Amino acid sequence: MSFSSEVKNELCRVPMQRPCCTRAEAYGALLHATVFSHREIRLSTASEAIVRRLQALLQRAFSVEGEPQRQGSKYQLTIDDAAQVGRIFDVLGYDRKSHVTYHLNRNELDEECCLASFLRGAFLMAGTVAGPDKKSHLEIKSGHQSLAGEEMSLLLDLGLSPKRASRAGGSLLYFKDAASVEDFLTRVGAPHAAMALMEAKVEKNMRNTINRRVNCETANFVKTADAAARQVVAIRTVLDTRGIDAFPEAMRETVRLRLAHPTDTLAELAQRFDPPISKPGLSHRLKKITEFASKED
C-alpha cells in the first residue's frame, strides 16, 4: 500500500461530528468528482475505504443514498436521480442549470474547521503525497483553473502557501517543503501520517549528522596516519645512514617512541612519555625531528 493510500485511510477514519464540517467535506469531494452536473454526479476511486466514506458523506450531508458499483479496478458512486441531484445543488447553493460554474460558495465554509474539512474531501478525491522515503511533495489536482485559484485562497486562509502550476488544461496546487506537507496533513485530520514524515526527517538528519562526523573522523585519522608515516620514514632515513647518535640527545626519546609506536595518535604517543607531555609539545618535537631529518638528507 502506498503512503498516499495510508494517509487517505487515516482521513477516512476522521469522525463525522459536526453537520457543517460533514457538508464541507462532501463539498470538497464533489467539486473533484469525475462528473458534477445538474443531471448526474459521479465519483470514482480505487479505494473501498474512500467510496464508503463518500457514501456516508452524501447520506449525512444531503440525505442522498447511493450504492457504489465496481467497474474494473475502480468503484463508481453515481447519483443520477433528478430529485437527489437537485437536493445536493440546493444545499450547496447552486442553481440547477445545465452548466455548473466551478466556484466556491464560501457561505458553506464559514469556520476554520469547515475549511479543513473541505480540503480533506478534495484531497481524498484528487490528492497525493510522497512517502517518508522520498522528497517532500503533496499535491491536489483540479480540472478547473478557477476552482484551483479558490482552493489556493482557502489554503492561504489556513496559513499555508502552496505553489501552483498548470497541467493539461487543469491546475495543480502543491507543497514541496516538509513543514507545509506536515502542517497540511495535520490540519485535514492525518496527524499520524504527519508524525511519520517528521520522524523520518529527524532520522534522516541524524543519519546525515553521524555520516558527516564519521567522514570527518575518518579524514582526521587518515591525516594523522599520513603524518606519522612521514615521520617514521624521515627517522629511518637518518638511522639507516648515521644511526641514533645522529639525533641530538633531546630528540632521541621522541625518536624511539615514534618508531616503537608508529600508529599512535599524538594524544596516545604523548601519554607514553615519563612524565607525559602535551600534544602541542609533542607536535613541536616531531616537527623538529622531521626538519632535522630533511637537513640531514
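Mentor: A nonpolar core is a set of buried Ala, Val, Leu, Ile, Met, Phe, Trp, Tyr and Cys residues joined through side-chain atoms within 4.5 Å. Keep in mind that this model is predicted.

Trainee: Which residues touch the most other members of the largest nonpolar core?

Mentor: F184 and L185 do, in a core of 61 residues. Helix α5, residues 112-126, gives the largest share of this core, with eight residues.

Trainee: What does L185 touch, not counting residues up to four places away in sequence?

Mentor: Its partners are V7, V129, L138, A190, P191, A193, A194 and L197. There is also a second, separate core of 19 residues. V232, A234, F247 and V255 are among its members.

Trainee: Why is F184 called buried?

Mentor: Set the value against the cut-off. Buried means under 20% relative accessible area. F184 has 1% relative accessibility, so F184 counts as buried.

Trainee: And why does F123 count as buried?

Mentor: The relative accessible area of F123 is 0%. The cut-off is under 20%, so F123 is buried.

Trainee: What makes the rings of F123 and F184 a tilted pair?

Mentor: Take two steps. Their centres are 5.9 Å apart, and rings pair if the centres lie within 6.5 Å. Then the angle: planes under 30 degrees apart are stacked, over 60 edge-to-face, and the rest tilted. The planes of F123 and F184 stand at 55°, so this pair is tilted.

Trainee: Why do you say that the pair ties together parts of the chain?

Mentor: F123 lies in helix α5 and F184 in helix α7, residues 178-188. These parts are 61 residues apart in sequence, so the pair ties them together.

Trainee: How many aromatic pairs does a search of the whole structure find?

Mentor: Eight. F36 and F89 form one of them, with 5.4 Å centre to centre and 40° between the planes. F36 is in strand β1 and F89 in helix α4, 53 residues apart. Both residues are buried.

Trainee: Which residues do ring pairs link into a cluster?

Mentor: Y27, F36, F89, Y94 and F118.

Trainee: How do you know that the charged end of K8 sits over the ring of F123?

Mentor: The charged end of K8 is 5.6 Å from the ring centre. The distance cut-off is within 6 Å, and the charge must also be within 35 degrees of the ring normal. K8 is listed as sitting over the ring of F123. R70 likewise lies over the face of Y75, at 4.6 Å from the ring centre.

Trainee: Is E25 buried or exposed?

Mentor: E25 has a relative accessible area of 2%. That is under 20%, so E25 is buried. E25 lies in helix α2, residues 19-30.

Trainee: What makes the link between the side chains of E25 and R53 a polar contact?

Mentor: The distance is 2.9 Å, and the cut-off is within 3.5 Å. Beyond its neighbours within four places in sequence, E25 also contacts residues including L57, S117 and F118.

Trainee: Why is the chain called more spread out than a compact globule?

Mentor: First, the chain has 11 helices and eight strands. Its radius of gyration is 35 Å, well over the 19 Å that the globule rule gives for 297 residues, so the chain is more spread out than a compact globule. The C-alpha trace spans about 110 × 35 × 30 Å along its principal axes. Of the 297 residues, 45% count as buried.

Note on methods. Residues are numbered from 1 along each chain as its sequence is written. This is a predicted model: local features need pLDDT of at least 70, side-chain atom pairs count only at pLDDT 80 or more; totals for chains, interfaces and linings use all residues. Side-chain values use heavy atoms; hydrogens and water are left out. Buried means under 20% relative accessible area, exposed over 50%, partly exposed in between (1.4 Å probe, protein chains only). Helices (H or I, at least four residues) and strands (E, at least two) are DSSP runs, numbered from the N terminus. Contact means heavy atoms within 4.5 Å. Rings of Phe, Tyr and Trp (its six-membered ring) pair if their centres lie within 6.5 Å; planes under 30 degrees apart count as stacked, over 60 as edge-to-face and the rest as tilted. A polar contact is a pair of N or O atoms within 3.5 Å; within protein, one must be able to donate a hydrogen and the other to accept it, and residues adjacent in sequence count only if both atoms are side-chain atoms. The radius of gyration is taken over C-alpha atoms; the globule rule is 2.2 Å times the number of residues to the power 0.38.
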